[in-house]
Amino acid sequence: MNACSFLPAATQMIYDMGLQHLLKGVTFECPPAALAEKGRVVRCVLEGNNYSSEEIDRIFSASKAQGKSLYYVDEELLGNIAPDVIFTQDVCEVCQIDTRCTQEAISSLPKEPVLVPLSPNNLNDVFKCAVDIATALGHEEAAYRHLAELQQRLDAVTDKLRQHRSPLRRVMIMEWMAPIYNCGHWIPYQVAIAGGVDMLSNPAGDSIVTPWEKVQRYDPEVLVIAPCGFLTDRSAAELSLLTRLPGWNELQAVRNGETYLADYDLFTQPSASTLVDGVELLSKLFHPQIFTMPAHLEHKWAPLQTTHASA
């Protein structure tokens, strides 16, 4: 079995389930362990450039309007790998290469691989994707072992919230800063398990541009800024996109010091383990009196005041 993963979330789940020996090719944005060991089959024309949030939005919007993709496949490498199965996605054509582009790339291969599109809408769908991946690789039982461990971690969060009868916090998870995007798909489900409610979100659907005036009216108690593809340092460097907005300092989350930066891969990378990490991080941010931050997540977030002061 030779497999290629054209999305980082699938690659992460393959590694989490101990099936990486079957993986031969990955995309340029996959986890470091995979990039060190596997061939980079999917590339992007934006690689190596440090575009701002506003520039990235303009470039992707222009390419979409022209019907073009910013992603491309190293067809020679793909031919050498001769994969039996390729994992792809149709959730977001901006974030990753989609099934249509993949289909075009494999059309000239002597042996056409099986395409397995992974397009989750909610958190349960993400868990099902782990089963789909493991099944396609001939090791279905690996998924059930992995998911059982993750479910125990989610149950621990739910049990503690019930034990303390913790009220829901009014929160916002921001997926992009310029323009502002709300959160969608599985992220509102993460928020709910962690003891919050995001009334600006779009559960099981796409994130959408959200006017700043709407954010002001909503006035979240807790604001988590996690732009897609950005780690906290990158987000901190562009905070002026938000802090210069009228009324920023009047937001309840800003006044009370409950505005945070978080790494994107806890939310917009839909691998089962990273989303559970995201739930555990959010539970600490929403309810700091009853939760502690897991040690392996300490570097994945930062309070806004600290990062903004040092930016």
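This is a predicted model: local features need pLDDT of at least 70, side-chain atom pairs count only at pLDDT 80 or more; totals for chains, interfaces and linings use all residues.
Residues are numbered from 1 along each chain as its sequence is written, and side-chain values use heavy atoms, with hydrogens and water left out.

**View 1. Helix 1 packs against helix 6.** Helix 1 (residues 8-16) and helix 6 (residues 123-136) meet at an angle of about 65°, their axes 10 Å apart. Helices here are DSSP runs of H or I with at least four residues, strands are runs of E with at least two, and both are numbered from the N terminus. Axes are lines fitted to C-alpha atoms, for helices over the stretch in contact, and angles run from 0 to 180 degrees between N-to-C directions. The two helices are therefore roughly perpendicular (angles under 35 degrees count as roughly parallel, over 145 as roughly antiparallel, 65 to 115 as roughly perpendicular and the rest as oblique). Look for Ala10, Met13 and Ile14 of helix 1, which meet Val126, Cys129, Ala130 and Ile133 of helix 6 (contact means heavy atoms within 4.5 Å). This contact has 7 nonpolar residues, with no polar and no charged ones (Ala, Val, Leu, Ile, Met, Phe, Trp, Tyr, Cys and Pro count as nonpolar, Asp, Glu, Lys and Arg as charged, and the others, Gly among them, as polar).

**View 2. Helix 6 also meets helix 7.** The axes of helix 6 and helix 7 (residues 140-164) come within 7 Å and cross at roughly 160°, so these helices are roughly antiparallel. Their crossing is right-handed. From helix 6, Phe127, Ala130, Val131, Ala134 and Thr135 take part, facing Glu140, Ala143, Tyr144, Leu147, Leu150, Gln151 and Leu154 of helix 7. By class, the contact has 9 nonpolar, 2 polar and 1 charged residues.

**View 3. Gln12 sits in helix 1.** Gln12 counts as buried, at 19% relative accessibility (buried means under 20% relative accessible area, exposed over 50%, and partly exposed in between, with a 1.4 Å probe and protein chains only). Leaving aside residues up to four places away in sequence, Gln12 touches Pro31, Gln269, Ser271, Ser273 and Thr274.

**View 4. Tyr260 and Trp301 form an aromatic pair.** The whole structure holds 3 aromatic pairs (rings of Phe, Tyr and Trp, the last by its six-membered ring, pair if their centres lie within 6.5 Å; planes under 30 degrees apart count as stacked, over 60 as edge-to-face and the rest as tilted). One of them, Tyr260 with Trp301, is edge-to-face, at 5.8 Å centre to centre and 65° between the planes. Tyr260 lies in strand 14 (residues 259-262) and Trp301 in strand 15 (residues 301-303), so the pair ties together parts 41 residues apart in sequence. Both Tyr260 and Trp301 are buried.

**View 5. Thr232 belongs to helix 10 (residues 232-237).** Thr232 is buried too, at 9% relative accessibility. Beyond residues up to four places away in sequence, Thr232 touches Leu261, Ala262, Asp263, Lys300, Trp301 and Ala302.

Definitions and conventions:
A crossing is left-handed if the near helix is turned anticlockwise from the far one by less than a right angle, and right-handed if clockwise.
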